[in-house]
Every structure is written in C-alpha cells, then in structure tokens.
Amino acid sequence: MLLVGIHLPPNYGPEFTAKFHAIYRDLANSYSAALAPFLLEGVALTPGLMQPDGIHPRAAAQPRLLDNVWPYLEPLLKPVTAPLARQISKETID
C-alpha cells in the first residue's frame, strides 16, 4: 500500500498545516504503508504545470508526478507468478 501525500497552501495557517501534514506520516506508520511525501513536488509552484485553478496539475506535469511517486511505488510491486496470472485471467473470463 502506498499513501501519497499532499501539502496545503500556507494560508491555512502554520498550526493547521503542520497537523495536516503529520496525518500522512501518522497514517503511514499506523498501517505500515509506504509514503510518497508530496505528489506535487516540483509541480505546484512551477508555471505552466498547474491548471488555472491552481489546484490541479496539467497533462504536462504527469512525467514529474510519476517521478515523485515511482521511487516509493516500484519497491512495492511484485511480479505476478504464472499460477496467479492464470487465476486472475480465469476470474476475468468467468
């Protein structure tokens, strides 16, 4: 399981922002989950990578988002063994 963190803008105030950010670390620890700390690292404040709403990334940001998540996700991926692949395929057909 991978938990992907997000940061709040500073206008929420330092106390609320600190508590919000701590939630991701605490949840990851509680559930033994990997944590990608900030999905929008290098995206949120980069002109041209965010939509006009300032909240959602543009398509051009997708490679950077992958770079932000992949180092945490890749170690969690395990190859599917042949028997499991056959079982998944059979369940899909049924």
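A residue counts as buried under 20% relative accessible area and as exposed over 50%, with partly exposed in between (1.4 Å probe, protein chains only). By that rule Thr17 is buried, because its relative accessible area is 11%. This is a predicted model, where local features need pLDDT of at least 70 and side-chain atom pairs count only at pLDDT 80 or more, while totals for chains, interfaces and linings use all residues. Residues are numbered from 1 along each chain as its sequence is written, and side-chain values use heavy atoms, with hydrogens and water left out.

**Helix 1**
- Helix 1 covers residues 14-30, 17 residues in total, and reaches 24 Å from its first C-alpha to its last; helices here are DSSP runs (H or I, at least four residues) and strands are runs of E (at least two), numbered from the N terminus.
- That reach is close to the 24 Å expected at 1.5 Å a residue, a span taken as 1.5 Å times one less than the number of residues.
- Buried in helix 1 are Thr17, Ala22, Tyr24 and Ala28.
- Strand 1 (2-4) and strand 2 (34-36) are what the buried residues of helix 1 pack against.
- After helix 1 comes Ser32, with a positive phi near 50°.

**Thr17**
- Thr17 sits in helix 1.
- Leaving aside residues up to four places away in sequence, Thr17 touches Leu8, Pro9 and Tyr12, where contact means heavy atoms within 4.5 Å.
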